Amino acid sequence: MMDQPLQTSSNARWAALVWAHLRKDMRIEWRSREAINSMLFFALLVVVLFSMAFDPTLDASREIAGGVLCVATLFASVSALNQAWAREIRHQVLDALRMTPGGGAAIFLAKVLTNFCFVTLVQCVLAPIFFIFYNLHPLGDARLLALVIPLGTWALVSNGTFFAALSIRSRNRELLLPLVLFPIFLPALLAMVLAVKTILTGDNSDPDQLWIKMLACYDIIFTTVSLLLFDTVLEAE
Amino acid sequence: MKKLLIFPAVLGILALMAWGFYQAIYIAPTEATMGEVQRIFYYHVPHGILCYLFFSINFVASMLVLAWRRSNPAKSLAADAWALAGAEVGTLYCTINLVTGPLWARPVWGIWWTWDARLTTSLILWLIYVSYLLVRRFAAGSEMQALAAVLAVFGALDMPINYLANRIWRTQHPSPVIGGGPESGMAPPIAAALGWNVLAWAVWGLAVLAIRIHLERRQQAIDNAEAVAALAAD
């Protein structure tokens with residue numbers, strides 16, 4: 001009986017810790033704007049590169065546009081994700097963070113939420129440019145894009161944050177992150193690209209929204225495993 | 001005593017593999033529509049099944065590394081040798097599976113490769129374990145063992161997806177012949193040849209695994225001795 005208020009207050013305390021970590025990361029980014037600026041420009045470059053390499057004529061562009069958007073976000077976020085942890089290595093900030101009461105899961109969740117906001121922001125800026133460059137007008141239910149893109153972004157950011165923390169201690173960490181992240185992220189990329197393609201072409205090839213359900217399952221499973229294992233990554237030495 | 005046992009064991013494994021080869025090439029009947037090229041089935045399928053076995057060994061050993069890391073470093077080190085050996089042999093078997101597949105597909109389908117669910121998830125599985133082996137080269141010491149074990153958990157998550165791929169989706173890859181529902185199954189001589197080959201390649205793979213674990217344990221002993229010597233020199 002007495003446990004109930006205690007439980008609630010410890011949950012609230014944990015949430016407050018996540019919020020504190022989140023505010024710290026947001027404030028650092030607000031002062032420097034390093035991550036968002038570099039991600040934005042990088043993603044823009046990838047979109048331009050692809051549109052030059054593939055000549056997006058009207059019909060073909062709908063087929064490949066989803067893939068280009070996903071890959072552009074993927075490349076852009078990898079550069080920012082490395083920075084997110086590299087910043088904490090300087091002046092032993094990471095060691096200080098490890099001593100905070102919430103444990104690894106709170107730090108991890110806050111980092112994922114921050115990075116999710118950044119990547120979503122970049123996508124919001126990028127999307128109009130993207131639609132103009134590729135002459136897109138979705139033939140399927142465009143509202144579903146608002147569900148698919150965040151789900152795919154969450155898969156990317158959650159895994160990316162986890163594996164960036166994992167590779168931060170290794171030699172040449174900038175190289176290791178994509179090597180580890182891309183294979184793990186591939187199933188989510190596939191589901192996201194196919195879901196976006198179905199929406200843009202409106203070909204009704206996926207009436208049960210199987211790809212969106214798969215993406216949601218992937219998010220739940222991989223985020224849970226990451227939360228459970230993050231303490232191990234943080235304490236690995 | 002141990003050395004005396006190795007010789008008959010090696011002979012036994014070689015005999016079993018020769019028997020498997022004989023079953024697959026001479027005893028099993030030639031398939032009606034595909035002809036002789038279908039015999040690659042007796043190599044492709046066993047390697048596909050067995051790469052699950054070795055990746056599972058890698059997964060269990062990795063969980064043990066995580067469990068024993070703090071409480072029992074000596075046992076954790078032993079489990080790490082098992083994890084490494086499991087991943088290496090599993091990757092080898094997965095590679096053979098991925099090479100024999102296109103060799104069969106080219107004459108039967110007319111193409112080397114197609115991006116259906118089974119083939120794609122198999123390739124992803126292979127990529128994940130190659131990245132696992134890369135991580136092990138990029139970092140060192142007990143820190144690397146913990147990080148590699150964490151990555152192995154993520155790799156193991158892909159195994160059920162791969163197993164279910166041609167059960168959930170309609171794939172160009174043939175639907176499962178074992179445990180695939182009421183219409184699956186094989187004629188007895190084909191099942192016998194497949195069974196012998198699964199057994200032979202399993203025993204062979206386990207032997208390679210044992211040798212690899214033995215090697216890794218020796219390497220760990222050398223590293224440990226060098227570390228102790230360096231400490232003593234100070």
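**Figure 1. Chain B is built from helices.** Read along its sequence, chain B of this predicted model follows the pattern α-α-α-α-α-α. That comes to 6 helices and 0 strands. The C-alpha atoms of chain B fill a box of roughly 75 × 45 × 30 Å, taken along the principal axes. Of its 234 residues, 34% count as buried. Among contacts with a separation of 6 or more, 76% come from residues 24 or more positions apart.

Figure 2. The mean pLDDT of chain B is 87. A value of 70 or more is reached by 96% of its residues. Which element has the highest mean? Helix H2 of chain B (residues 41-68) does, with 93. The lowest mean among the elements belongs to H5(B), with 84. For the model, the scores are ipTM 0.81 and pTM 0.86.

**Figure 3. Helices H4 and H5 of chain B meet.** Two packed helices are described by the angle and the distance between their axes. Here, H4 covers residues 117-138 of chain B, and H5 covers residues 141-168 of chain B. Their axes come within 9 Å and cross at roughly 170 degrees. Are H4(B) and H5(B) roughly parallel or roughly antiparallel to each other? Angles over 145 degrees count as roughly antiparallel. H4(B) and H5(B) are therefore roughly antiparallel.

**Figure 4. A closer look at the contact of H4(B) with H5(B).** On the H4(B) side, the contact residues include B:Ala117, B:Thr121, B:Ile124, B:Leu125, B:Ile128 and B:Tyr132. B:Arg118 and B:Arg136 of H4(B) also take part. From H5(B) come residues including B:Met144, B:Leu147, B:Leu151, B:Gly155, B:Met159 and B:Ala165. B:Asp158 and B:Asn162 of H5(B) belong to the contact too. How does the contact divide by class? It has 15 nonpolar, 5 polar and 3 charged residues.

**Figure 5. Chain A is also built from helices.** The secondary structure of chain A comes to 8 helices and 0 strands. Along the sequence, the pattern is α-α-α-α-α-α-α-α. How compact is chain A? Its radius of gyration is 19 Å, close to the 18 Å that the globule rule gives for 237 residues, so chain A is as compact as a globular protein of that length. Its C-alpha atoms fill a box of roughly 60 × 45 × 30 Å, taken along the principal axes. Of the 237 residues of chain A, 41% count as buried. Take the contacts in chain A between residues at least 6 apart in sequence: 87% of them join residues at least 24 apart.

**Figure 6. Chain A touches chain B.** In this view, 19 residues of chain A are in contact with 19 residues of chain B. Which elements of chain A give two or more residues to this side? They are helix H7 (173-201) and helix H8 (210-234) of chain A. H7(A) gives the most, with 8 residues. By class, the side of chain A that touches chain B has 14 nonpolar, 2 polar and 3 charged residues.

**Figure 7. A:Leu175 sits in helix H7 of chain A.** Is A:Leu175 buried or exposed? A:Leu175 has 12 C-beta neighbours inside 10 Å, so it counts as exposed. A:Asp25 lies 150 residues from A:Leu175 along the chain. Their C-alpha atoms are separated by 24 Å.

Methods
Residues are numbered from 1 along each chain as its sequence is written. Chains are lettered from A and ligands numbered from 1 in the order in which they are written. This is a predicted model: local features need pLDDT of at least 70, side-chain atom pairs count only at pLDDT 80 or more; totals for chains, interfaces and linings use all residues. Axes are lines fitted to C-alpha atoms, for helices over the stretch in contact, and angles run from 0 to 180 degrees between N-to-C directions. Helices (H or I, at least four residues) and strands (E, at least two) are DSSP runs, numbered from the N terminus. Angles under 35 degrees count as roughly parallel, over 145 as roughly antiparallel, 65 to 115 as roughly perpendicular and the rest as oblique. Two residues are in contact if their C-beta atoms, placed from the backbone, lie within 7 Å. Ala, Val, Leu, Ile, Met, Phe, Trp, Tyr, Cys and Pro count as nonpolar, Asp, Glu, Lys and Arg as charged, and the others, Gly among them, as polar. The radius of gyration is taken over C-alpha atoms; the globule rule is 2.2 Å times the number of residues to the power 0.38. A residue is buried if 20 or more other C-beta atoms lie within 10 Å of its own, exposed if 12 or fewer, and partly exposed in between; C-beta atoms are placed from the backbone. pLDDT is the predictor's confidence in each residue, from 0 to 100.
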